[in-house]
Amino acid sequence: MRSSIVPMFKNPINEEDFNSLTGFVEVVPSYYEDDYLSAYEEGNYFDTVKFYLPLAYSQFFKLAKMGQIYKRQPTVFCRAKYDKELGLLVDEFETNILE
């Protein structure tokens, strides 16, 4: 029975169907990108779940329109600033010195 429990990105359910049921999109803040990718590449899929945050559709599309959402298969990342006490700050953005 335990072997039948799998993270969403390993489940055959369509991502759009899941999102339409929940009213939000799960994203990983860019603040945790390296930690998330390390866990994912090591196959620690259940450890990756702790990095996901729900974003309401309205926030997601606002950030996407501003170029703050990007995807590295199979994960959606968000450049909004992340504070460990306050959470995702959707009106502040992480900066990249290469951009």
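**Strand pairing, bridge by bridge**

Tutor: Tyr-82 has Leu-88 in S6 as its bridge partner. This is a predicted model, in which local features need pLDDT of at least 70 and side-chain atom pairs count only at pLDDT 80 or more, while totals for chains, interfaces and linings use all residues. Residues are numbered from 1 along each chain as its sequence is written, and side-chain values use heavy atoms, with hydrogens and water left out.

Two terms come next. Strands (E, at least two residues) and helices (H or I, at least four) are DSSP runs, numbered from the N terminus. Two strands pair if DSSP finds at least two bridges between them.

Stay with S6 for a moment. Strand S5 covers residues 80–83 and strand S6 residues 87–93. They run antiparallel, joined by four bridges. Together S5 and S6 make a hairpin, with three residues between them.

Now the open sheet. Its four strands follow the order S2-S1-S4-S3, with mixed pairing. S2 (53–56) and S3 (69–72) are the edge strands, each pairing on one side only. From one strand to the next, the twist averages 50°. Angles here run from 0 to 180 degrees between N-to-C directions, with axes fitted as lines to C-alpha atoms, for helices over the stretch in contact.

Where does the mixed pattern show? S1 (residues 24–29) pairs with S2 in the antiparallel sense, over four bridges. S1 and S4, in contrast, pair in the parallel sense over two bridges. Backbone hydrogen bonds make such pairings, either parallel or antiparallel.

Particular partners place these strands. Phe-24 stands opposite Ala-56 in S2. Val-25 has Leu-55 in S2 as its bridge partner. On the S4 side, Val-28 stands opposite Phe-77.

Two helices meet these strands. Helix H2 (residues 33–41) lies across S1, S3 and S4 (75–78), running at about 165° to S4. Helix H4 (residues 57–65) also packs on the sheet, touching S1, S2, S3 and S4. Contact here means heavy atoms within 4.5 Å. The direction of H4 makes about 85° with that of S2.

A cis peptide bond joins Gln-73 to Pro-74, with omega about -5°. Most peptide bonds are trans.
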